[in-house]
Amino acid sequence: MTTDAADSQWTAVLEDATAIAEEYQENGWDAIVLEPDAVSPVDAEERTGFDVEVSPDEYEFLERLIESSEVTVTTADVYYRPPENDTDPRIALAVERDDETETAVFVPLKYDLDDSRAVFETALRAEELLLHVTTDAPADDGWVSFSHDDPSLFLEESDVREWSQ
């Protein structure tokens, strides 16, 4: 169940992502803001982490950007918004950057902590959380992945302490 506060925070993150991307663009960067249709924890043989489902058009643009250019994402910033209460979804914004080519991909995330617990426990042990941007287009079975070596940035400090015991 999503509260009005959680919906408001989600809207604010999307607005922040757009505003920050515009600042990047004003400074000469290529910046794309993804608008996820869904964010789901995934723990499968071929990949673990979060599937971030976007429209086929967004996915195709991102795939072309990553595959057909010199873009190599080497840096990321994570902006995490604490929930208003424990039942609200967690909300974060990952900014995946290639400083050399001045390219940034903004990945807003909204996820349920209980549903994501196993993914985060695995990520904390491995010191890597993967975000897999994908689409539900029937002909597409690929994804573009971004790696984060500090999964705790996507959590409350109390979550990390509790799960590390």
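**View A. Glu127, in the loop between α3 and β7 (129–135).** Helices here are DSSP runs of H or I with at least four residues, strands are runs of E with at least two, and both are numbered from the N terminus. Glu127 has a positive phi of about 55° although it is not a glycine. Its relative accessibility is 55%, so Glu127 counts as exposed (exposed is over 50% relative accessible area, buried is under 20%, and partly exposed is in between, using a 1.4 Å probe and protein chains only). Bear in mind for every view that this is a predicted model, where local features need pLDDT of at least 70, side-chain atom pairs count only at pLDDT 80 or more, and totals for chains, interfaces and linings use all residues. Residues are numbered from 1 along each chain as its sequence is written, and side-chain values use heavy atoms, with hydrogens and water left out.

**View B. The β5–β6 hairpin and its turn.** The two strands of this hairpin have 4 residues between them. Glu102 lies in that loop, between β5 (90–98) and β6, and has a phi near 55°, a positive value in a residue other than glycine. With 33% relative accessibility, Glu102 counts as partly exposed.

**View C. Strand β6 and its partners, β1 and β5.** Strands count as paired if DSSP finds at least two bridges between them. On the β5 side, 9 bridges join the antiparallel strands, and Glu96 stands opposite Val105 in β6. Strand β1 (residues 30–33) pairs with β6 in the parallel sense over 4 bridges, with Asp30 opposite Thr103. β6 itself is mostly covered, since 8 of its 9 residues are buried.

**View D. Aromatic pairs around Tyr111.** A pair of aromatic rings is described by the distance of the centres and the angle of the planes. Rings of Phe, Tyr and Trp (its six-membered ring) pair if their centres lie within 6.5 Å; planes under 30 degrees apart count as stacked, over 60 as edge-to-face and the rest as tilted. The whole structure has 5 such pairs. One of them is Phe50 with Tyr111, a tilted pair at 5.1 Å centre to centre and 45° between the planes. This pair links distant parts of the chain: Phe50 is in strand β3 (residues 48–54) and Tyr111 in strand β6 (residues 103–111), 61 residues apart. Both Phe50 and Tyr111 are buried. Tyr111 also pairs with Phe120, with ring centres 5.6 Å apart and planes at 50°, so this pair is tilted. Relative accessible area is 3% for Tyr111 and 0% for Phe120.

**View F. The largest pocket, with a volume of about 290 Å³.** A pocket is an open set of points on a 1 Å grid over the protein atoms alone, where a 1.4 Å probe fits, with protein on both sides within 12 Å along at least five of seven lines; lining residues have an atom within 4 Å of a point. The volume is the space filled by probe spheres set on the points. Of the 16 lining residues, Asp86, Arg90, Leu113, Asp114 and Asp159 are the closest to the centre. The elements giving two or more residues are α3 (113–126) and α4 (157–164), and α4 provides the largest share, 4 residues.
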